[in-house]
Amino acid sequence: MRYQPEHRDRSRAKLVSASAALAKRAGFGASGIDALAKAAGLTSGALYKHFAGKDALLSAIVEHEFAATTARFARLDAGQVLVAVDAYLSLAHVRHPEGGCLLPSLAPEVARASSATRAIYEEKLAELTSTLEAKVGDRAQAAALLALCVGAVVVARGLESDAARTEILEAARTNARRLLVAPVAAPIVAPVAAPVAAPVAAPVAAPVVAPVAALERAEEEPTAR
């Protein structure tokens, strides 16, 4: 009997993982309780031993999937983020939603879920964004990167040909590099050098030198006009 709680925990974890894969592939709303339970090798009765209902299972899937994604990015250093983004924006991820991120597959499902599930989704999304912010150095940049990647996969999955999918994914990768590379370098140089040098050189020199030079030319060449 002392092993029973551990067994229940393993059974619950298996149920969440297996039903998440099915939901990401076939849709959570389109998958009935029986199908979700069967994906884990369980009966619907066994599912109800772990969850009060389907919405409670969706909440658990959201927590589980976000935890896995956040942990994955937390292990990366800043230089590895671009590699991870390339893998995210790949044909393999488009073709196999069951093994990928929950966001392109389940965000629309969460939008129709209970307020409690949406609150969990919002909390976990904020945690993932904070993890990305720690890697790229700016929260707005992290949020934009996340939205870009998720949106590109959503659009690509709706396309018929790999050629059209590849066009979308490559465009997203190009813009992901701009988000990851250019904005990171700018704050290091601009706030330190530009505000100090610009007010001293530009406003003082430009108004004084330019008018004097123009007047000298006018006096030296009075007949040129």
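**Before you start**

You are viewing a predicted model, in which local features need pLDDT of at least 70 and side-chain atom pairs count only at pLDDT 80 or more, while totals for chains, interfaces and linings use all residues. Residues are numbered from 1 along each chain as its sequence is written, and side-chain values use heavy atoms, with hydrogens and water left out.

**Stop 1: the cavity**

Select Thr69, Phe73, Val85, Tyr88, Cys101, Leu128, Leu132, Leu145, Leu146 and Cys149, which line the largest cavity. On a 1 Å grid over the protein atoms alone, a cavity is a set of points where a 1.4 Å probe fits but cannot get out, and lining residues have an atom within 4 Å of a point. Grid points are joined across faces, edges and corners, and a volume is the space filled by probe spheres set on the points. The count comes to 1 cavity of 30 Å³ or more.

Now colour the helices (DSSP runs of H or I, at least four residues, numbered from the N terminus). α4, α5, α8 and α9 (139–157) each supply at least two lining residues, and α9 gives the most, with 3. By class, this lining has 9 nonpolar residues, 1 polar and no charged ones. Here Ala, Val, Leu, Ile, Met, Phe, Trp, Tyr, Cys and Pro count as nonpolar, Asp, Glu, Lys and Arg as charged, and the others, Gly among them, as polar.

**Stop 2: the pocket**

A pocket is an open set of points with protein on both sides within 12 Å along at least five of seven lines. Select Arg72, Tyr88, Gly99, Gly100 and Cys101, the closest to its centre of the 14 lining residues. Helix α4 (54–74) gives the most to this lining, with 5 residues. The classes here are 7 nonpolar, 4 polar and 3 charged.

**Stop 3: the nonpolar core**

Next, pick Phe28, Leu57, Val62, Val85, Leu89 and Leu103: of the 49 residues in the largest nonpolar core, these touch the most other members. Such a core is a set of buried Ala, Val, Leu, Ile, Met, Phe, Trp, Tyr and Cys residues joined through side-chain atoms within 4.5 Å. Helix α9 gives the most to this core, with 8 residues. Zoom in on Leu103, whose contacts (heavy atoms within 4.5 Å) include Phe66, Tyr121 and Val150, not counting residues up to four places away in sequence.

**Stop 4: salt bridges**

How many salt bridges does a search of the whole structure find? There are 8, each being a side-chain nitrogen of Lys or Arg within 4 Å of a carboxyl oxygen of Asp or Glu.

Begin with Arg112 and Glu109, paired at 3.7 Å, N to O. Arg112 is exposed, at 63% relative accessible area, whereas Glu109 is buried, at 14%. Buried means under 20% relative accessible area, exposed over 50%, and partly exposed in between (1.4 Å probe, protein chains only).

Move to Lys124, which is buried at 16%. Lys124 meets Glu123 at 4.0 Å and Glu127 at 3.7 Å. Glu123 is partly exposed at 44%, and Glu127 is partly exposed at 35%. Lys124 and Glu127 both lie in helix α8 (residues 115–136), 3 residues apart, about one turn of the helix.

Finish by selecting Arg95, Asp162 and Arg165, which are linked in a network of salt bridges.
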